Amino acid sequence: MSQVYFDNAATTQIRQEVLERMMEVMREVPGNPSSTHAVGRTAKSHVESARKTIAKILNVTAGEIIFTSGGTEADNLVINSAARDLGVQRIITSRIEHHAVLHAAEEAAKTYNILLEYVPLKECGTPDEKKLEEMLASNDTKTLVSLMHVNNEVGNMIDIKAIATMCKSYGALVHSDMVQSIGHYAIDLQEVPVDFVAAAGHKFHGPKGVGFAFIRKNSGLKPLIFGGSQERGLRAGTEGVHNIAGLETAMQCAYTHLEEESNYVKGIKTYFAERLKKEIPSVKLNGNCSNPEKSTYTLLNVCLPIASEKALLLLFQLDMKGISCSKGSACQSGSDKGSHVLQEILSEDDLKKPSVRFSFSKYNTQEEVDYVISVLKEFLEGVPA
């Protein structure tokens with residue numbers, strides 16, 4: 001098998017429909033959306049169509065969708081601007097958030113002299129809701145809570161509706177990085193009382209370099225990037241019309257085919273987990289990967305039963321066999337540090353063993369699963385325990 005792509009949590013293959021829409025827009029829509037002439041108005045119409053489409057899917061108003069370059073910019077816009085503009089004196093997050101949240105929160109705390117606190121985690125790696133409520137009750141200062149809906153490394157899901165409702169009962173602002181869940185789950189932001197959300201198109205078969213922030217109306221946020229008055233004055237710069245059009249088509253396709261495609265991907269994950277347990281009985285599933293109600297259907301993070309120097313060769317061996325997967329999140333692949341998520345949730349013994357994230361999409365097959373497991377089994381049998 002020449003190539004198996006099991007790194008869909010890092011990025012996904014672009015849909016053909018998305019590619020065709022982007023090519024059409026690049027060929028036929030040359031205008032700047034801020035121009036007032038007919039060509040500019042045509043470009044603007046594509047941007048506003050996408051805004052309305054996304055807003056309808058999430059059950060919000062079009063004015064609450066702000067296009068960004070992706071999830072990282074959306075997270076930074078919300079966290080930095082909330083600290084600067086909304087009187088936030090405390091940020092509560094967890095130590096297993098994406099670095100776009102963790103580093104933004106650290107910088108905001110330092111810049112604006114804000115208290116930064118981390119909610120303790122349960123054994124499986126999800127935030128402890130009771131401890132979070134105790135933290136909220138212990139201090140009545142203006143607080144921003146930032147907790148991701150689906151963890152990008154181990155796939156843990158939180159009950160974002162219940163947590164957001166609790167936070168709002170204490171007057172806290174709520175932000176959620178939904179980069180790994182939007183496009184994969186039906187989300188009604190009228191039912192989930194968050195104030196801010198981050199999303200990225202390339203996580204659900206859309207283009208890279210485009211995403212959006214949901215910012216609930218009358219939030220009081222001010223821009224992070226200054227210049228023109230684009231994006232309701234919250235994000236200056238000429239909009240990438242072709243990328244935004246591609247994002248719209250990716251959202252439409254994701255939610256039109258959501259049930260069919262999610263059931264298919266669930267089947268791939270289930271089959272992978274069952275084959276792993278059968279062929280490599282001592283394998284461990286990290287986080288909540290074995291609980292379908294508390295883990296996303298799109299990924300498995302597995303701890304493999306070897307603890308030797310040869311374990312360092314595992315990803316290299318997989319790559320040589322044409323298998324793309326991840327030791328941690330792709331955003332850390334250039335770092336010598338191990339996964340900050342796994343360091344928080346694994347035992348010392350398991351941290352000495354290699355953990356690998358396999359993440360799936362509609363383009364994967366059971367035959368690919370069989371091949372990957374055969375490669376893993378062959379490698380493990382050749383490595384001393």
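A residue is called buried when its relative accessible area is under 20%. I begin with that cut-off because it decides how we describe two positions in this predicted model.

Take Asn 243. Its relative accessible area is 15%, so Asn 243 counts as buried. The residue belongs to helix α7, which covers residues 241-256. What is Asn 243 in contact with, once its neighbours within four places in sequence are left aside? The partners are Met 22, Pro 207, Lys 208, Gly 209 and Val 210. Asn 243 can also be related to Val 18: the two are 225 residues apart in sequence, yet their C-alpha atoms lie 9.3 Å apart in space.

Where is Ser 326 found? It sits in the loop that runs between β11, residues 323-324, and α10, residues 340-345. Is Ser 326 buried or exposed? Its relative accessibility is 6%, and Ser 326 is therefore buried. Not counting residues up to four places away in sequence, Ser 326 touches Asp 7, Leu 315, Val 356 and Arg 357.

A word of caution concerns residues 329-335, where pLDDT stays under 50. For this stretch the model has eleven contacts beyond four places in sequence. Over the protein chain, by comparison, pLDDT averages 94, and 95% of the residues score at least 70.

Let me now turn to the chain as a whole. Its secondary structure consists of twelve helices and twelve strands. The radius of gyration is 21 Å, close to the 21 Å that the globule rule gives for 385 residues, so the chain is as compact as a globular protein of that length. Along the principal axes, the C-alpha atoms fill a box of roughly 65 × 55 × 35 Å.

How many of the 385 residues count as buried? The share is 56%. As for contacts with a separation of 6 or more, 74% of them join residues 24 or more positions apart.

Terms used:
Residues are numbered from 1 along each chain as its sequence is written. This is a predicted model: local features need pLDDT of at least 70, side-chain atom pairs count only at pLDDT 80 or more; totals for chains, interfaces and linings use all residues. Side-chain values use heavy atoms; hydrogens and water are left out. Helices (H or I, at least four residues) and strands (E, at least two) are DSSP runs, numbered from the N terminus. The radius of gyration is taken over C-alpha atoms; the globule rule is 2.2 Å times the number of residues to the power 0.38. Buried means under 20% relative accessible area, exposed over 50%, partly exposed in between (1.4 Å probe, protein chains only). Contact means heavy atoms within 4.5 Å. pLDDT is the predictor's confidence in each residue, from 0 to 100.
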